[in-house]
Amino acid sequence: MNRAIKKVAILGSGIMGSRIACHFANIGVEALLLDIVPRELNDAEKAKGLTLENKAVRNRIVNDALKSTLKSKPSPIYKKEFASLIETGNFDDDMSKIKDVDWIMEVVVERLDIKKIVFDNVVKYRKPGTLITSNTSGIPIHMMIEDRDDDFKKHFCGTHFFNPPRYLKLFEVIPTPETSTEVTDFLMNYGRNYLGKTSVLAKDTPAFIANRVGIYSIMELFHVVNEMGMTIEEVDKLTGPVIGRAKSATFRTVDVVGLDTLVHVANGLYNGVPDDEAHDLFKLPSYIETMMENNWLGSKTKQGFYKRVKNDQGKKEILSLDLNTLEYRTKKRAKFATLEMTKTIDKVIDRFKVLVKGKDKAGEFYRKSFSGLFQYVSNRIPEISDELYKIDDGMKAGFGWEHGPFQVWDAIGVEKGIKMMEAEGKKPAQWVYDMVASGQKSFYTLADSKMSYFDIPAKENKIIPGQESFIILDNIRKTSKIWENSGSVIHDLGDGIINVEFTSKMNSIGGEVLQGLQKGIELAEKDYRGMIVGNQGPNFSVGANLAMIFMLAIEQEYDELNMAIKQFQDTMMRMRYSSIPVIAAPHGMTFGGGAEITLHADKVVAAAETYIGLVEFGVGVIPGGGGSKEFALRASDSFKTGDVEVNALQEAFMTIAMAKVATSAHEAYDLGFLKKGRDHVVVNRDNQIAMAKKHAILMAESGYTQPAKRKDIKVLGRQVLGMFNVGTDSMVAGKFISEHDRKVANKLAYVMAGGDLTEKTLVREQYLLDLEREAFLSLLTEKKTLERIQHMLQKGKPLRN
């Protein structure tokens, strides 16, 4: 059947329920969010003379939950206005409304008896054929359908989101033996193509896939830290970005999630998997039990493994918990020789073979922890999954690991991994020994641009399903490369479309990247019909190469600086006025120069999670790669649609002067980085390059024509320049900005006003570009600007205010 989801009902408005409702609103689906009716009035309601029959009282729990969720950081919703798609109500008054929805999802407290009571109420109103699922993280799915009719059973399964649903990509689908194949297939597809998730088909086993392996991994570390006499700082240093995991690593992550949440799942596993070979690891160490007794649960109780305090000087300080004394102390710096050996290895996947060879405590830690992890995941097949890639997908999408356990094992070497395990008193499942004995030396194999996994029952490689709808650059890298330098690679994507990928550190933009963009246009105009600018790293681009700019400015190489900035501007104009369509595919951090590249494309196919902004003010300069010019141009275009000229230009000016960053692609429309009716947003970033290619082909086949250079940009001159300068003067007087900030703002005002012209004038783009470049270079002679750039470089952070 052709099933469409127009409206969903979310039953339960707690942390998960309200955030799941927000994510459905993110993709344009109406959500009915329901919860229980309060049993008594609160003080505010009593003061107002309300009764338990008032609607505001009856919906207080759900409304307060949603209100709190919408205020939370990071935001669960792409754009505040999207919250209007969420309707609230309560189980007693509004449950009948579920007859009009296409999908009912239960997200109440994790107690089977309560869930069954909710389902008893659901069956009174549910329309036959309506999807009915549970977001449980641990209750067996099959126990929820006892005594239900066939239609309920056929359309019921588990759908497990990870918190926060907007940001964590995992969507576990857990069918029962009674679930229709059509329903399972639909949910897997819907999760992937509509919700933007990595859909993983899981078995109805305790904690499913990701939590089973993830909680094992954390609990194993809880025991290892005592066994090896390590500090929490040392463990967090070893289990964070160096191995492709979150900066919060292990103990800080537990503080954020809440120790009680972790303990709840761990206790469930201890009781639910008595035959698990790691059963004893799920038993809480004594220090965890003490922390629970003391209510040291993490961020929610203001202290956990870490505690933020004010020191004797009145400054904020983060203390660490000593696991031996259970007293808080000053944080200790963790440093290991093994980690020093990986500093020159940019790719995380290439670090593992070095890490496990370490001769210090770090090397010992990695050998011990990876040996245990490899044993555990190999033994979970076929218990929690028949296919090994699903375990890797679950850990990457649910816990934010850059590489799953089997991928890490491959990086170390399967046979070397076995020897390491045996030396640690561990051993993998028998199927791993059998695989190696058969001549298969890895879990994954790349052939013909498709990734295959070793299928254990069939004892052969099989292509991972779903790849046909995506373009995965890592898979085609060896066969599609047509040109490269040290900062960029050009790939032939087929059908006459090429892609320029940045390969510099953090995808920063320097001469090599600009050369790659120029070369891409040159090749495309000669032999192809369209070009994409896209990559699949964590971020599109953090902006210009600050180190290069700083070095040239310090050495007062102003001619070279002028040439470098002009090269950037010329490349942007080359993109804008090429004879082939150029599509930008931004995602993640898209700052400074990355935003300027996006602004000069013919079309943007942005990932929903795109955080774009011209943030140059943070280091005391204005956008110099065409960004200042482009915002003046776009303001001029808005004049033609009836916008008040001064107001439109002021809004564009403030976006740059306040270094505003869109927190989603949808916000980027409002800030002027994306154009409505032209640009496109994709929820699943895995599909972004493929979608960009489709748009490039469509533009080429629709008769793309090289644009004529603009000479009709309306600038307002003195009319607006004086107003901007008065505004910055008042900001300084009020001590809102510094003298240097005023200087930077006035330079930007001069560019966007078109200079000190006596009247409104139509100008060419190059005129504004020249003003922009001159202002940018002049600011690089300022001591304050150079101090800010140096500070930013020392912190090692991307350019952001």
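This is a predicted model: local features need pLDDT of at least 70, side-chain atom pairs count only at pLDDT 80 or more; totals for chains, interfaces and linings use all residues.
**Ser13 and its surroundings**

- Ser13 sits in the loop that runs between β1 (7–11) and α1 (15–26).
- The side chain of Ser13 makes a polar contact of 2.6 Å with the side chain of Asp35.
- Beyond its neighbours within four places in sequence, Ser13 is in contact with Ser18, Leu33, Leu34, Asp35, Ile61, Val62 and Ala65.

**The enclosed cavity**

- The model has 1 cavity of 30 Å³ or more, and the largest cavity holds about 100 Å³ of space.
- Its lining is made of Ser217, Glu220, Leu221, Thr239, Ile243, Arg245, Phe365, Tyr366, Ser369, Phe370 and Leu373.
- Two or more of these lining residues come from each of α9 (210–227) and α16 (361–379), with α16 giving the largest share, 5 residues.
- By class, the lining of the largest cavity has 6 nonpolar, 3 polar and 2 charged residues.

**The second largest pocket**

- The volume of the second largest pocket is about 490 Å³.
- There are 19 residues in the lining of this pocket, and the closest to its centre are Arg634, Ala635, Ser638, Leu671 and Gly672.
- Helices α26, α27 and α28 (665–671) each give two or more residues to the lining, and the largest share, 5 residues, belongs to α26.
- The lining of the second largest pocket divides into 7 nonpolar, 4 polar and 8 charged residues.

**Helix α31**

- Helix α31 (residues 739–752) has 14 residues, which at 1.5 Å a residue should span 20 Å, and the distance of 20 Å between its end C-alpha atoms agrees with that.
- The buried residues of α31 are His740, Arg742, Val744, Ala745, Leu748, Ala749, Val751 and Met752.
- Their cover includes α26 (627–639), α27 (645–657), β24 (713–715), α30 (718–733), α32 (765–779) and α33 (783–795).
- Just after α31 comes Gly754, with a positive phi of about 85°.

**Ile580**

- Ile580 belongs to the loop between α24 (558–576) and β19 (582–585).
- With a relative accessible area of 5%, Ile580 is buried.
- Setting aside residues up to four places away in sequence, Ile580 touches Ala524, Glu525, Tyr528, Arg529, Gly530, Met531, Asp602 and Tyr704.
- Gln719 is 139 residues from Ile580 in sequence, and their C-alpha atoms are 39 Å apart in space.

**Backbone spots to check by eye**

- Most residues other than glycine have a negative phi, and most peptide bonds are trans.
- Lys73 and Pro74 are joined by a cis peptide bond with omega of about -5°, and Pro74 is in the loop between α4 (60–71) and β3 (86–90).
- Another cis peptide bond joins Asn163 and Pro164, with omega of about 0°; Pro164 is in the loop between β6 (156–161) and β7 (170–175).
- Ala249 has a positive phi near 55°; Ala249 lies in the loop between α10 (232–238) and α11 (251–257) and is buried, with a relative accessible area of 12%.
- Asn507 also has a positive phi near 55°; Asn507 is found in the loop between β17 (497–502) and α22 (511–527) and counts as buried at 8% relative accessibility.

Technical notes. Residues are numbered from 1 along each chain as its sequence is written. Side-chain values use heavy atoms; hydrogens and water are left out. Helices (H or I, at least four residues) and strands (E, at least two) are DSSP runs, numbered from the N terminus. The expected span of a helix is 1.5 Å times one less than its number of residues. Buried means under 20% relative accessible area, exposed over 50%, partly exposed in between (1.4 Å probe, protein chains only). Contact means heavy atoms within 4.5 Å. A polar contact is a pair of N or O atoms within 3.5 Å; within protein, one must be able to donate a hydrogen and the other to accept it, and residues adjacent in sequence count only if both atoms are side-chain atoms. On a 1 Å grid over the protein atoms alone, a cavity is a set of points where a 1.4 Å probe fits but cannot get out, and a pocket is an open set with protein on both sides within 12 Å along at least five of seven lines; lining residues have an atom within 4 Å of a point. Grid points are joined across faces, edges and corners, and a volume is the space filled by probe spheres set on the points. Ala, Val, Leu, Ile, Met, Phe, Trp, Tyr, Cys and Pro count as nonpolar, Asp, Glu, Lys and Arg as charged, and the others, Gly among them, as polar.
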